[in-house]
Amino acid sequence: MPMKIENGPFWKRVGENLDNDFMRGAVAGMQDRGYVRRLGVIEELGHWEEWRSLAEQIRKHTLENLDYYLMQLSENVAKRGGHVFFARTAEEANDYIRRIALEKQAKKIVKSKSMVTEEINLNPVLESIGCQVIETDLGEYILQIDDHDPPSHIVGPALHKNKEQIRDVFRRKLGYTKSSDPVELARHAREMLRRDYLTADIGITGCNFAIAESGSITLVTNEGNADLVTALPKTQITVMGMERIVPTFEEMEVLVSMLTRSAVGQKLTSYITVLTGPRDEGDADGPEEFHLVIVDNGRSSILGTEFQPVLQCIRCAACVNVCPVYRHIGGHSYGSIYSGPIGAVLSPLLGGYDDYKELPYASSLCAACTEACPVKIPLHELLIKHRQIIVEREGKAPAAEKLAMKAFRLGTASPSLYRFGTKLAPGAFASFVKDGRITKGPGPLKAWTESREFPAPSKERFRDWFRDRQKGGNPS
Amino acid sequence: MTRGAIHNRDAFLENIAHRLGRAPRLSGVSRPQWSAQPQWKVLAGYSQDDLLAVLREQCKLIHTDYIETTNAGLAGVLKQQVTAYGGGPVIVPDDPRFAEYGLSALLRDEWPAERTAIHIWNPALGRQNIDAAEQANVGIAFSDITLAESGTVVLFSRNEQGRVIHFLPKTYIAIVPKSTVVPRMTQAAVIIRKQIEKGVLVPSCINFITGPSNSADIEMNLVVGVHGPMKAAYIVVTDR
């Protein structure tokens, strides 16, 4: 599936998703539980601001010296017998991987979760030469067998589906006969996929962090699928966004600690795997051949611009999990595999303003995303920069956005900022509300609520606001 | 080892340097002194006993059975745990520590006599090892480094210890010598990095394993046991 999800204009998507009660309940539940879990592990860890500062320094240093570290990485991969392919475009990456598949006469390919292979739309390329491509992450597997339903969350791609829908898909596509119990469903997927791991010709993975000094790649999962994808097929292909790199094991360790806490509220996930080259001589498992594909696909044009900090991203989705707008409109509304605040910043950069001009406005600028980000990307500030560019340079501001900007300015000038500017439905604040007052608010409210309390937002405001915006103009 | 190929590197890196507005930097960069290093504050000053207590508590959160024993009791405890997980077939790496820890009799005599099938990883057997791991009910291995904070066992692959021992069996038991326990991943990273600096080749696969396989991809419900083992136990050997 390409980065762009084709499902109609932005306002139509938002409208449909606002009416999807299961999805909205699932997202709200995920956010509420996730918030508590994340804060719990952060508090237990201690010195969180120091951690964020360290993680930010590591990411900034690596990006500023990206050519050096990619040089070192590629040298060390080659020394260990791995092959490295630098791909400027999605086409170059796909061509290279297709050539390998043809050369190996591959029939079956197993994949572990990889955002960048979605971004470059790799699967159809491999399918077009007759390969069966199987996603093995449980969430991705569910979406794939359901006729490529798009992902709605970076970490939990099938968040929008309920277990009955999943059971029905399994019945339709896999001859499943059991109940909608998640354990039974997961066990069935386990059995189906076991056969595939054991018979696949090629395993394809993403890359959480490459380690320049040792020429290694790090994979972070809970299911263990990436380990079987890399241990069993004879050929391993790892595809990485060119910025997903750290200098040494020591920095990898820090960023993994940040990633697992921020993404899923775990100290570490069940499986963190560091792979270097193909199998060692004399090993009886692991790939005989290893290829690392390093993908630019628009990233280098972000370097050296005011948007460079977005490349610090480690794809944890903490910003998504605290976003009051995502909470209501869900991942599919963003029209991109990258949803939530990070998606609203990144999608226009990688996919262009023509397709994604609305996304920077799908934000209340409440800054909860910026505060949650473990690598200190100033997400809400980058959204404002997008808006400036859209309005000033591109001249693409839709009518409704102009209205919103006007209203926002109005809002900032008076106490109604609180009623309009933050305009979150009460659900977004539910975990902070006590007796109708917000006592421990997120984002910029935090500093305020330490000394004063805010009235809780009134119900349905966000939906009303969105409806009003739609009436106010026809944006696309 | 045959050196791998590198394609399209020069133009790719030149473009990055161009975008960064400077000449290409292909050597001579060193890491700065990071101004914050909070990772060293975690469990700082903890004794080995304190760390074990942390590990024990963490095991409750990661759905992992935690058992303490002495070296003298290890064979009995291991046998009992394998029985609790439903018995064989069992797969183990060809690791000298099994003999050092007094487990040879169990592996070579006791279990075979009881018709508990044992497969000892043997690289000369090639693919048969993978088939044995796939059929195994229990995989057993020694932790090389153990992380108290997260409840993680660290395993280095080698010819005699295949990767899939930790993934294909239905259940998994890690034997944890108390001396392998360190506060967190920070210490493990330093241990590994020191080897790299000395010029030792890092193993082709290093696994950081924290309890059994799990997923929350269906309605955020935690399912323990997806692609990897469905149950896991750590047997801590307190006098090793």
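Author: Start with helix H8 (residues 138-145) of chain A, which is mostly covered, since 7 of its 8 residues are buried. Bear in mind that this is a predicted model.

Reader: Which residues of H8(A) are buried?

Author: They are A:Leu138, A:Gly139, A:Glu140, A:Tyr141, A:Ile142, A:Leu143 and A:Gln144.

Reader: What covers the buried residues of H8(A)?

Author: The cover includes strand S3 (132-135), helix H9 (163-174) and helix H10 (182-199) of chain A, together with S11 of chain B. Just after H8(A) comes A:Asp147, with a positive phi of about 50°.

Reader: Why is A:Cys316 called buried?

Author: A residue is buried if 20 or more other C-beta atoms lie within 10 Å of its own. A:Cys316 has 26 C-beta neighbours inside 10 Å, so A:Cys316 counts as buried. Its place is the loop between strand S10 (289-295) and H13 of chain A.

Reader: What does A:Cys316 touch, not counting residues up to four places away in sequence?

Author: A:Cys316 touches A:Leu259, A:Ser262, A:Ala263 and A:Pro374.

Reader: What makes A:Cys319 buried?

Author: A:Cys319 has 27 C-beta neighbours inside 10 Å, and the cut-off is 20 or more, so A:Cys319 is buried. This residue is found in helix H13 of chain A. Leaving aside neighbours within four places in sequence, A:Cys319 is in contact with A:Gly340, A:Pro341, A:Ile342, A:Cys369, A:Ala372, A:Cys373 and A:Leu379.

Reader: Where does UniProt place the feature "binding site" that has A:Cys316 and A:Cys319 in it?

Author: The unreviewed UniProt entry places it at A:Cys313, A:Cys316, A:Cys319 and A:Cys373. These residues are spread over 61 residues of sequence, but they cluster in space, with a largest C-alpha distance of 10.5 Å.

Reader: Which residues does UniProt also list for "binding site" with A:Cys323?

Author: A:Cys366 and A:Cys369 are listed with A:Cys323, again in an unreviewed entry.

Reader: How do you know that they gather at one spot?

Author: They span 47 residues in sequence, yet no two of their C-alpha atoms are more than 8.6 Å apart, so they gather at one spot.

Reader: Why is A:Cys366 called buried?

Author: A:Cys366 has 24 other C-beta atoms within 10 Å; the word needs 20 or more, so A:Cys366 is buried. A:Cys366 lies in the loop between helix H16 (353-356) and helix H17 (368-372) of chain A.

Reader: What makes A:Cys369 buried?

Author: A:Cys369 has 31 C-beta neighbours inside 10 Å, against a cut-off of 20 or more, so A:Cys369 counts as buried. A:Cys369 is in helix H17 of chain A. Its contacts, leaving aside neighbours within four places in sequence, are A:Cys319, A:Val322, A:Cys323, A:Pro341, A:Leu379 and A:His380.

Reader: How do you know that S9 of chain A and S10(B) pair?

Author: Two strands pair if DSSP finds at least two bridges between them. Strand S9 (residues 271-276) of chain A and S10(B) have 5 bridges, so they pair, and the sense is antiparallel. Within S10(B), B:Phe208 stands opposite A:Ile272.

Reader: How many residues of chain B are in contact with chain A?

Author: 74 residues of chain B are in contact with 91 residues of chain A. Elements that each supply at least two residues to the chain B side include helix H1 (9-19), helix H7 (185-197) and strand S10 (205-209) of chain B. By class, that side has 35 nonpolar, 27 polar and 12 charged residues.

Reader: Which domains does the assignment give for chain A?

Author: The assignment gives domain 1 (10-46 + 317-472) and domain 2 (65-295). In chain A, 22 residues of domain 1 are in contact with 19 residues of domain 2. On the domain 1 side, the largest share, 12 residues, comes from H2(A).

Reader: How many residues of each chain are buried, as a percentage?

Author: In chain A, buried residues make up 59% of the 476 residues. In chain B, 46% of the 240 residues count as buried.

Definitions and conventions
Residues numbered from 1 in each chain as written. Chains lettered and ligands numbered in written order. Predicted model: local features only at pLDDT ≥ 70, side-chain atom pairs only at ≥ 80, totals over all residues. Buried ≥ 20, exposed ≤ 12 C-beta atoms within 10 Å, placed from the backbone. Domains from an automatic or database assignment. Contact = placed C-beta atoms within 7 Å. Helix = DSSP H or I, 4+ residues; strand = E, 2+ residues; numbered from the N terminus. Nonpolar A, V, L, I, M, F, W, Y, C, P; charged D, E, K, R; others polar. UniProt positions renumbered as here; feature names shortened; annotations may be inferred.
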